[in-house]
Amino acid sequence: MNKFLKKTVNYLFLIFIIYLLTFILIRTIPGDPIDFLIGQNNQVVDIDALKKSLGLDLSFFQQLKLAIFNLLQLNFGVSIYQGAEVYDLLIPSLINTYQLALFSISVAILIGVPLGLAASFFKKSLFNKVLNFCVPILLALPSFILAPILILIFSLTFHLLPVNGMDSKLSIILPGLTLSLGLMAYLAKMTEDCVGDILDSQVIICLRAKGLSEIKIYMTHILRLITLPLITVIGLQMGSLLSGAIITEMIFSWDGVGKLLIDSIHQRDYPLTQAAVFFISLSYVTINYLLEFLYPLLDSRVKYND
Amino acid sequence: MIKKISLLIPGLFIFLSLINLYFDWDPYQMNFDLILQTPNFSSFFGYDDYGRNIFIRLINGFLTSFKIVFLATLISFFIGSFLGVLSAFIGGFYDRLFLNLISIIQAFPGILLIIAISAFLEVSFWNILIALTITSWVGFARIARVQTLTLKEQDFIKAAITMGSSNLSIVFKHLIPNTLSALFVELNYTFANLIVAEAGLAFLGMGLSSPFPSWGAMLRDSIDYLLIAPHYTITVGSSIMLMILSFNSIGRSLAFNIEK
């Protein structure tokens, strides 16, 4: 229990520090949200009154005090540029990002892990060789190269899927594939390596001696033994996917939190940037935090106390 | 076989950039009657949207990208491994603080940091270098720290402490040399990752951008002509991909040899 408390305090502390850093960083960037706002609207306005209404006339430390006070109430205020509540802007884009992340991670798991299992089952087959040839190539393809290739094939040549945007239900497929192909290759390779290590161990020899069929050994025993390393990798990747795959979101005009963050920084929209960074780091840190509690549940050899 | 090819590709590009330094090919020269010309014998990779030779621009872009990425990797390697070893060696409160610092940098969206730096200092060679270094030294620190934690319990370090060697000499003579093999593997992966990061920055329009020859910026420009002139995207894209592929496989074979 003590360990649990310590981890939780540490977790909250991390998020708080990241919030503070964002607060300071976004304010030290040259450029003023007011300038940006006025430049866009082309109106005659009372700058002092506008500043006052947005709370920008206060001194740096007063603003900081207010921001911390608002954070404790989980109130992120109103967007400077768009005038809407930060939550109203942030939540839809968070949902979009989570959708994309979940879609791509499940595609990667559902295809990558069986491929890796099959590759280790048929060790010296052609299939194994083809997979081992493809994996490094897929791992070396950054999203900004993979995305145009996929668009060229699926949208422009065969007209199967929309190029970008999020109007139809099919539009999640291309950004999802862009994010999941590399991950899929990684999971397949890792599954194969892990199974290879386990196959040499005494456990498997014992199971074979017991007379279990190979299929049964794979499906019930090996699959369970490789969950722990797989969960670690999946968790880490999930963390980075949830923080918004910025480049992929930009290419496919996917209204996710990464795109929102970039726009808000360019518009110097302080409350929106702070909230976006807060939720991005929150998802990353939370996944890591949850993983540490998941390990002992999945594998009783791992204990809380060390 | 694959190992040899993976050493060949970066070597080829370095060789070509040396030739380029001698001949001084002009990456900005425009031929308006050759716009988006497909590859032929006079230019292996064809021409881009302003009629500039893609091959020459790729080589010029490689030189700048390589310099940035190479320096960023080296600096992160030195800073990261030194701080990581030191943190694990000192241990206690300092180590816990250091671990938190690493977590903060990893959880913090790197793009915000990079935009902040580039807005503050304007986009230039050195500022991109700083931005990339700040986000990538953490990987080395993490590995060096874990390696040192296990090394610290081994007898030869205890012997060195008992013999009364100074802390500095333990860190420099015993701890750092013994973590190097794992760090060299990470060196290659970081190099590959930074190539992606640098090209990605240029792709988002936050790196060195056109008309300056840069791989990421070229790729972004080429996407507008994906349908009319696919050779532009293919040549630039496959250059980036091959570079990453070769550094990944150098890293993998290093890791494999070290494990043996």
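Me: How many residues does helix 6 of chain A have, and what span does it reach from its first C-alpha to its last?
Reply: The model is predicted. Helix 6 of chain A runs over residues 126-139, which makes 14 residues. At 1.5 Å a residue, 20 Å is expected. The helix comes close to that, with a reach of 20 Å.

Me: Why do the buried residues of helix 6 of chain A line one face?
Reply: The buried residues of helix 6 of chain A include L131(A) and V135(A). N128(A) and P136(A) are buried in this helix as well. Seen down the axis of helix 6 of chain A, the buried residues line one face because they fall within an arc of 120°.

Me: Which residues are exposed on the other side of helix 6 of chain A?
Reply: Exposed means over 50% relative accessible area. On the other side of helix 6 of chain A, the residues that count as exposed are L126(A), K129(A) and F133(A).

Me: What covers the buried residues of helix 6 of chain A?
Reply: Chain A itself supplies part of the cover, including helix 5 (86-121) and helix 8 (173-199). Chain B takes part too. Its contribution includes helix 9 (230-259).

Me: How many residues does each chain bring to the contact between chain B and chain A?
Reply: Contact here means heavy atoms within 4.5 Å. Chain B gives 32 residues. Chain A gives 37 residues.

Me: What share of the area buried between chain B and chain A comes from carbon and sulfur atoms?
Reply: The area buried between the two chains is about 3000 Å². Across this interface the rule finds zero salt bridges. Of the buried area, carbon and sulfur atoms give 87%.

Me: What distance separates the centres of domain 1 and domain 2 of chain A?
Reply: Chain A is divided into domain 1 (2-72) and domain 2 (91-266). The centres are taken over C-alpha atoms. They are separated by 37 Å.

Me: Is Y232(B) buried or exposed?
Reply: Y232(B) lies in helix 9 of chain B. Leaving aside neighbours within four places in sequence, its contacts include L36(B), I54(B), M218(B) and Y225(B). Buried means under 20% relative accessible area. Y232(B) has 0%, so it is buried.

Me: How far apart in space are Y232(B) and D49(B)?
Reply: In sequence, Y232(B) and D49(B) are 183 residues apart. From C-alpha to C-alpha, the distance is 8.8 Å.

Me: Is H159(A) buried or exposed?
Reply: H159(A) lies in the loop between helix 7 (143-157) and helix 8 of chain A. It has a positive phi of about 50°, although it is not a glycine. Most residues other than glycine have a negative phi. The relative accessibility of H159(A) is 62%, so it counts as exposed.

Me: Is R268(A) buried or exposed?
Reply: R268(A) also has a positive phi of about 50° without being a glycine. R268(A) sits in the loop between helix 13 (257-266) and helix 14 (270-298) of chain A. Its relative accessible area is 13%, so R268(A) is buried.

Me: What share of the residues of chain B count as buried?
Reply: Chain B has nine helices and zero strands. Its C-alpha atoms fill a box of roughly 75 × 45 × 30 Å along the principal axes. Of its 260 residues, the share that count as buried is 50%.

How values were computed
Residues are numbered from 1 along each chain as its sequence is written. Chains are lettered from A and ligands numbered from 1 in the order in which they are written. This is a predicted model: local features need pLDDT of at least 70, side-chain atom pairs count only at pLDDT 80 or more; totals for chains, interfaces and linings use all residues. Side-chain values use heavy atoms; hydrogens and water are left out. Helices (H or I, at least four residues) and strands (E, at least two) are DSSP runs, numbered from the N terminus. The expected span of a helix is 1.5 Å times one less than its number of residues. Buried means under 20% relative accessible area, exposed over 50%, partly exposed in between (1.4 Å probe, protein chains only). The arc is that of the directions from the helix axis to the C-beta atoms. Domain bounds come from an automatic or database domain assignment. Buried area is the accessible area (1.4 Å probe) that two parts lose on being put together, summed over both. A salt bridge is a side-chain nitrogen of Lys or Arg within 4 Å of a carboxyl oxygen of Asp or Glu.
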